[in-house]
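Biologist: Please take one part of this model and look at it closely. Then tell me how far the rest can be read.

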Amino acid sequence: MMSSSFNIYRVGISFVMMCIFYKSAVDSLSELSPQKYFSTLQPGKASLAYFCQADSPRTSIFLEELNEAVKPLQDFGISVAKVNCVKEETSRYCGKEKDLMKVYLFRGNILLREFPTDTLFDVNAIIAHVLFALLFNEVKYITTLEDLQNIENSLKGKANIAFSYVRAIGTPEHRAVMEAAFVYGTTYQFVLTTEIALLESIGTEAIENAHFYFFHCKQVLDLTQQCRRTLMEQPLATLNIHRFIKTMEAPLLGAPVEFLVLHDTELIISRVEGNTHIEEMQEDEDEDVQSPDMDIQDDEVAETVYRHRKTQLPLELTVELTEETFNATVVASDSIVLFYAGWQAVSMAFLQSYIDLAIKLKGTSTMLLTRVNCADWSDLCTKQNVTEFPVVKMYKEGKHPVSYAGMLGAEDLLKFILLNRISCPVNITSVQEAEEYLSGELYKDLIPYSSVSVLGLFSPNMTTAKEDFTKAGNYLRGCVITGIYSEEDVLILSNKYGATLPALLLARHKEGKVESIPFANSRVQDIVQIVTNALLETFPEITVENLPVYLRLQKPLLILFSDGSINPQYTKAILTLVKEKHLDSLTPCWLNLKNTPAGRGVLQTYFNALPPLPLIVVVNLHSGGQVFAFPSEQAITEQNLLLWLKKLEAGLESPITILPAQEWKPPLPAYDFLSMMDAAASQHPTRKEPECTKETNMQKNDKKQHEDKSTIRKEPVETLRIKHWNRSNWFKEGDKSFRHDNKEL
């Protein structure tokens, strides 16, 4: 049996860190020369080397936190030391600028783990990360309910489980769990998660704080029986966990035990004698739990990056640029440049997608894939107007750099790169070439990435209109294929497709049809909006990625929920209503729960339980939050849908629920990115932009191609701003069809 004393478990681990030398009050840190330090290493013993250079004093704050961690770590048998580099001695840990902000954990002369110092932001984070690394096999980290169930089933009849939820790695609660695992890790199976959805799935009501559960699995012999769970009601601290586990080791009682906090003997006597009624008193946990406004990592992204930190990426597939090599590289060849920060979780997560893209394009692309770590080359990134991470920019000789503004994934970035291989717009020179363009034959290899091709038709003398279309085409590059035709025989095409010049021909390759849209007197942003709207599907499948695009239409959603592919008859019925203009004031769409599991949570919010599928609802997210459900006993036909919509129009249907007008606030003011984007939007109130790309212009006084300045802002992400909704303003009275009222929606 293991003793509960923390001092018994000393494993002889030293903790030494690499940094830039700073003379400060770190008297408790052992200071050694490289030769002396390495001579003290012993087989089986662990150490961490921190080699200090006599350069700039940038780590004083970290050294203060590290100094505070010395004594607690020593209590666990972990020593902390610092090694001063000297010119007379050489070491591969001395003199490497990029390594000077990392902490390295060794066992003997073998490197166990390395930590960027920004993840060790205080004494709690230092202790938590070190213990987490050492107890990697003892503490299982999970992300799904299935993981938890598998562990629970495997331990039934064998051992009990200590399950904990913390908001992020490196928090005081995480430290407390790791300290407990250091002592009890061989007696109980410790399980850790930072997924709040997992905590919700096991029935916890107050999910804003850290939680600690004890799963009584050792006595469970029936594999179909669930382990009984006991929640620790005290704040998640080391002493509380110790007391709680000791209590769990006691024999189980037949009924729950109630605990009262009585502050004087009179109350105790009164309670025993039963002369007075004592109200149950509970300690105020809020005083002991730290404020949520603390500097913590982004749980999902940061933890994913942390768990995969040992995965070796084939970075050699991309070219690492520095301040010395950047100019020569982007001038010599067409280049894609990823600007990222090695300390930022989102950057490191996207770096994986970027490498996946490099693997796909290996040996097939003329575009050079490069990267710049702005943590090492901040001046270079500043010159390139990089103010956020990660950012991808395309550099082509003689052209303005283009910033990618699509989804941070390999497929979307691949589409951006491939569509940028051709000019935007492409200059079409003959009627035959125009027909090949509209049929998809001219660029058939790009059709999978652009299901719509746009061709502008102009008379040779329509100079202004052609210039506006050309600007719009440049603006839409990487998003859609655009072409322009303005030869003398342009009337052949305009007559064939019934187009009045100037006109846009939209070739929808999936449907195999071409439609014409006149745009006389339309300016650049109008053309961009016309094309952007044309890219939207009539009856799209809603996903997490495309939902913001359709929400920007500011219309209520008519959603068909399905657990798989939808019946073609349902599609036919809805498309018929669309064609007959009955759904002009709605956005018809469908959601496949198998492709988008988040839809289950949406339905549970609407109905309190998962209803039978398929199911149609109308949801007005923008003003009022009313949710209406199509009667489940009726067949989904054109006639039944139209009658139901008429009832909604006449105000004869009641909503099944009204979504609350609650705000989703960021955990910290510095994380309020939506407000930042709104502030930026207020500076350009009339500017609109498609989802996938933004164009950058060169600074007028800058002759260097690589120093660009963005002149087109990114459209703010759609927020669900709930306003008062008057049904009579949405569903017009009488027999009028649905019409969109911009003032209300």
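**A close look at Thr 596**

Modeller: Leaving aside residues up to four places away in sequence, Thr 596 touches Ile 542, Thr 543, Val 544 and Leu 591. Where does Thr 596 lie? Thr 596 is in a loop. That loop runs between β25 (587-592) and α20 (598-607). Is Thr 596 buried or exposed? Thr 596 counts as buried, because its relative accessibility is 7%, and buried means under 20%.

Now the wider picture. This is a predicted model. The pLDDT averages 77 over the protein, and 74% of the residues score at least 70. Two stretches call for care. Residues 1-27 have a pLDDT below 50. Even so, this stretch has 116 contacts in the model beyond near neighbours in sequence. Residues 276-298 also have a pLDDT below 50, with 41 contacts counted in that way.

Next, the cores. The largest nonpolar core has 50 residues. Phe 190, Phe 212 and Ile 241 have the most contacts inside it. Domain 1 (25-130) and domain 2 (142-248) both give residues to this core, so the core lies between them. Take Phe 212. Not counting residues up to four places away in sequence, Phe 212 touches several residues, including Phe 163, Phe 190, Leu 231, Met 232, Ile 241 and Phe 244. In soluble globular proteins, nonpolar side chains tend to be buried together.

Conventions. Residues numbered from 1 in each chain as written. Predicted model: local features only at pLDDT ≥ 70, side-chain atom pairs only at ≥ 80, totals over all residues. Heavy atoms only, no water. Helix = DSSP H or I, 4+ residues; strand = E, 2+ residues; numbered from the N terminus. Buried < 20%, exposed > 50% of the residue type's maximum accessible area, 1.4 Å probe, protein only. Contact = heavy atoms within 4.5 Å. pLDDT = per-residue confidence, 0-100. Core = buried A, V, L, I, M, F, W, Y, C linked by side-chain atoms within 4.5 Å. Domains from an automatic or database assignment.
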